[in-house]
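Colleague: I have a few questions about this model. Can we take them one by one?

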Amino acid sequence: MSVMAQPLIPETQRSSDALTMDRPKLERELERLHAECWGWALSCSGHDRTLAEDALHTAYLRVLSGQARFDGRSRFKSWLFGVIRLTAMEELRRANRWNTTGSELDLSSAVDSSAGADVISEQAERNAVLVAAMASLSPRQREVLQLVFYHGMTLEEAARVMGVSVGSARTHYDRGKKALAGQINEVDVR
Amino acid sequence: MNDFESELKKRFAELRADDETSAPSFAVVRDRATVDQSIGTRRQRLWMIPLLAAAVVAAVWVTSRARGERARREAWLRDSSMNAFRWTMPTDGLLESARQTLHTPAISASVLDAAAVPIPGTPFKGD
């Protein structure tokens, strides 16, 4: 994996420099955050790789073409995640994905019991369980848990990305964590 | 932080590492984005073609309509009371034929000389 370069935009930058970011600077910043963006796009797209790639391509296009403009009111990463989230939602609406609900989700499908399943590593299995458990949550719960645990954001930052209040994000976080614990424990017991 | 949160962090870290190893490179995404951008621009240009064609058709229609309107107006003026300025008396023809036959006598000549000028085709007195 690529070595994380130093951020071009300070974490707390609020200056008007952000408004005048040229394309090479934007590209460097996108490249630095690319791995994280990919993870976020995957999460927003229901772990559908094709959909995630489409969403990420469109989001990058919007950023590079100036259609989406960073105004410096938040961290660049939070803003970028917001752009990816909205773009993925549009792509999802188009593709009509994430149709599964908590009650309908079959977690056993995440743990392949067919012949040859032993080839799959234990870690991949654990990842599949986590992804399936996340899919059983509501979109808001899924988003806040992903942002906090996967991307290491604070609840305030997660709330900004999701476009909700901090209180609301905290509620989704608490409920989501409980629901996720239930789902994972259920599978682990099996 | 309780045990479950630690467990979650660990699991998400594993998932993240797995996702990162399978992530497409930034260059691939960026280049595709550039291609998409040029396609988008080309698509925008393609949208312009019918728009321009419609503008040209509209301009031609307006011009031809204005030209027809002018022609109609001129025709109306020709046929309307404006013709009064070009009206000629029905007896104008008579004056013309008279001018052909009558010759204004010279200032020094006698009035009778003019009367003596023979009219072509008319038998002169004394012939």
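This is a predicted model: local features need pLDDT of at least 70, side-chain atom pairs count only at pLDDT 80 or more; totals for chains, interfaces and linings use all residues.

Colleague: What share of the residues of chain B counts as buried?

Modeller: A residue needs 20 or more other C-beta atoms within 10 Å of its own to be buried. Chain B has 127 residues. The share of them that counts as buried is 8%.

Colleague: Which helix gives the most to the side of chain B that touches chain A?

Modeller: The contact takes 24 residues from chain A and 21 residues from chain B. On chain B, α1 (3-21) and α2 (26-79) each supply at least two residues of that side. With 12 residues, the one that gives the most is α1(B).

Colleague: How many charged residues does the side of chain B that touches chain A have?

Modeller: Sort that side of chain B by class. There are 9 nonpolar residues and 2 polar ones. The charged residues number 10.

Colleague: What pLDDT does chain A average?

Modeller: In chain A, 75% of the residues score at least 70. Over residues 1-6 of chain A, the pLDDT is below 50. It is also below 50 over residues 100-115 of chain A. The average for chain A is 78.

Notes. Residues are numbered from 1 along each chain as its sequence is written. Chains are lettered from A and ligands numbered from 1 in the order in which they are written. A residue is buried if 20 or more other C-beta atoms lie within 10 Å of its own, exposed if 12 or fewer, and partly exposed in between; C-beta atoms are placed from the backbone. pLDDT is the predictor's confidence in each residue, from 0 to 100. Two residues are in contact if their C-beta atoms, placed from the backbone, lie within 7 Å. Helices (H or I, at least four residues) and strands (E, at least two) are DSSP runs, numbered from the N terminus. Ala, Val, Leu, Ile, Met, Phe, Trp, Tyr, Cys and Pro count as nonpolar, Asp, Glu, Lys and Arg as charged, and the others, Gly among them, as polar.
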